[in-house]
Amino acid sequence: MTAALAAFRDAYADALRRHLDAPTQAGLAEGYDLGRRALVEGISLLDLTENHFRVVQAAQQPADDQDVKLAETALEFLLQTLAALDIATRGFLDGNRRYEQQRSRADDLAGRDAFRTALVESLQDGFFVADSHATIVEVNSAFGALTGYGAADIPYPLPHPWSMPEGLRYPDLGTEAQRFVIPIQHRDGRTVWLAVSTSALIKPDDNEQIFVGTIRDVTAEHDAQARDQAASRLATAVGAATSVVEVLAVGLDELRRTVGAETAVVSVWPSRNTGPEVYVSGGTQVTDRPANTGQIQSTGDATRKPSPANALDARARALLDRARRRPGRSLIAIPEGTESSEGIVAPLGETGDAALWLRFAAPRAISAADWTLFSLLIGHLSLAVQRARNFDQARSTSLTLQRAMLGPIELPPRFSVHYEPALPPLEIGGDWYDVVPLRDGTIGIVVGDCVGRGLSAAVVMGQLRTAAQTLLLGGAGPAQLLAELDTVAARIPGAMCTTVCAAVLDPVRGLVRYSSAGHMPPILADVSEPGRLLEGGRSVPLATFDVPRRPEATTALAPGSTLVLFTDGLVEQRGVDIDDSFAKICAVLADTPGRLPREVADAVLSRLRPAAGYDDDVAMVVYRQPPAPLRLDVPANPDQLSAMRRSLKAWLAAAAVPHDLASDLIAAANEACSNSIEHAYRDGELPVSRPVRSTDASMGRATGATDASDAGRVQLTAECDTQTVVIVVTDTGTWKPRSADPGYRGRGIDMMRALTEELEIDHTGPGTTVRMSVTLPAIKSPVANPLRGTQRRISS
């Protein structure tokens, strides 16, 4: 007997006796622990059972009534002890049974492995198995055909040889099953779109997660969808364009990005006798000159304005000229007959006067899907160009109609008019202006606003404008004109509630009479002063109520003051207080005493223009009252010429003399003053300098220069009336006759005569007087603003 067995038998006997003496659950638990000890120490069931019966037998007494109960207690203790041994025995038997089953299953799977392989290989879709690290460990032959990577090179760890930088990766799946579409790069270099379907599984032997999935080629479906989306994007981009310039500015950018071209070039031949206009989008190397010459804008957006034909090199011009003569919808790869193409050319439209060149960043093969996409997109662009041409024709017709109805083409001097309709693309509306020179030297002004927009409002506007002009020419004053227009408006459908402001200017007397029928008040600004509203003579709009007598007001026009009449579209904006808009106009006028009326109008419009543009028609008339005469008294010193020129330039701007004519007058006056300084006082020394006496009356301020003694001075006087500007230069020196052979000099008088209309030189008295005069030209008024949208900036 071993020591372990002896120790166990003693421990068991002690525990059993204690339990027989006092049966408890603790005793049973001790018996269970002894059973586990027997299992660990290798005690056999026979030794345990023999020891149990010996202990029980020793505990029994002869003819004891408690024998039955003692036997039951002993049996309960034995069973509790054998429980652990029983569990171990059954576990062993179950393990043997599972082993036999697994062995049988393995034999069965081994027999069916060939069948499974044949089944996977027969699938038309690609099949793959990936481990938890996204390493492809098994593929079928279809997978190799779709990707170019077959079973011979397995495994395929990350990054997969067919993957693209933006493609999905298997570790990113994160769910039990996923379906997605990704692009891959086939081994032959082409891009293939695959529909992937995956499922996550757990391997029973090691609980490792794996992915099993299939792939299917959906390149054709993806290309078709991409073509539809690209065509939709292009159609949407050019949908709002209403001119050829807008269509090409937007469409070329979208077309270039969609097809992956580096440059998109369009040449348009407006007529047979002129060269083509060139439109370019993207960085380009098709020019004869560097990009910074200004011939082509290559900033990534289509050029906002057409460039001349010589902006392209000779090869590009020849390609486009040849392409426009091809049949419509024909596409030609450049160079022809090669596998890789650097670009394509195609006619644009059906009229043979436009062609397109798409140049790739690097030569590439053009697939059948590419040809389909190019044809579809160029077709959409051709339709958009044709639609824009139809809009251009309609716009030309509408502008001709507007030119006939809106107002005079030539305005008196010191006037500027501006009209900006809010309704594209026909560019006409219900606001109008009129400037009418009258027989007595006064000037009539009418600014009105019909209810509504578009062609119907323009028709009403044309009738009212004609009636107002007739009344002005017939001698009607502002109040009488509005009273007569009440009767006219009552007979014109749609003319009710028209607002009108009528005024009669007297430039000679410096007065303005005005009357308003519910219209915006005119604004008058003196030199360097904020404008103020002229709110007199106000009454109700036309044809609304019976007005016994329309009021009239009269206001003086200070020399150099600026008068602005406008319609409500200028000041009425959503979310902006109209008083704030009036204040902005008044502030702008305070800073514009030295600007031309046209520049004043531009400054006002720029200051008040909303970010999205005006949402109502705007008509505006700007008038500048002749300034006070300019009188300069300068020393006969060449150093004073620059100050004289600056003062004269400011006065001419205040007198609303156009810049080119002002430059001529300044040059002529400078020559006259130079002659006086150089020749009038040639017999004596020039006097020592001292402060100059010089007054710029038109600007309302005194200017300082250096003066000299009264014996050596030059005086310049500039005056203007309604039509004429007169500049007089005088000195007190001696007349120098012209030389018979002046050589390289002595042509100052010829230059002054060429720069002015009339030149008179009087040297009969003491000193010399040079009198120069010009007639102010009529102002060529634009009927409408330039076509809107051509200056709009688009990000590629």
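A: Happy to. Helices (H or I, at least four residues) and strands (E, at least two) are DSSP runs here, numbered from the N terminus. The model is predicted, so local features need pLDDT of at least 70 and side-chain atom pairs count only at pLDDT 80 or more, while totals for chains, interfaces and linings use all residues. Residues are numbered from 1 along each chain as its sequence is written, and side-chain values use heavy atoms, with hydrogens and water left out.

Let us start with the core. A nonpolar core is a set of buried Ala, Val, Leu, Ile, Met, Phe, Trp, Tyr and Cys residues joined through side-chain atoms within 4.5 Å. Buried means under 20% relative accessible area, exposed over 50%, and partly exposed in between (1.4 Å probe, protein chains only). The largest such core holds 36 residues, and Leu648, Leu716, Val725, Ile727 and Met772 have the most contacts inside it. At least two residues each come from the helices α14 (641–654), α15 (659–680) and α16 (748–755), and from the strands β23 (630–635), β28 (713–720), β29 (724–731) and β31 (768–775). The biggest contribution is that of α15, with 10 residues.

Contact means heavy atoms within 4.5 Å. Setting aside neighbours within four places in sequence, Leu716 is in contact with Leu630, Arg631, Leu632, Met644, Leu648, Ala669, Cys673, Ile727, Val728 and Val729. Apart from this core lies another, of 33 residues, with Val245, Leu348, Ala354 and Val385 among them.

Now the cysteines. A disulfide is a pair of cysteine sulfur atoms within 2.5 Å, and a search of the whole structure finds 0 of them. Cys720 counts as buried because its relative accessibility is 16%, and Cys586 also counts as buried, at 9%. Cys497, by contrast, is partly exposed, with a relative accessible area of 37%. Cys497 sits in the loop between α11 (478–490) and β15 (499–506), and has a positive phi of about 70° although it is not a glycine.

Ala543 is another non-glycine residue with a positive phi, about 55°. Ala543 is in the loop between β19 (538–539) and β20 (553–556), and counts as buried because its relative accessibility is 17%.

Finally, the cis peptide bonds. The bond from Ile154 to Pro155 is cis, with omega near 0°, and Pro155 lies in the loop between α5 (141–147) and β3 (177–185). Leu158 and Pro159 are also joined by a cis peptide bond, with omega about -5°; Pro159 is in the loop between α5 and β3.
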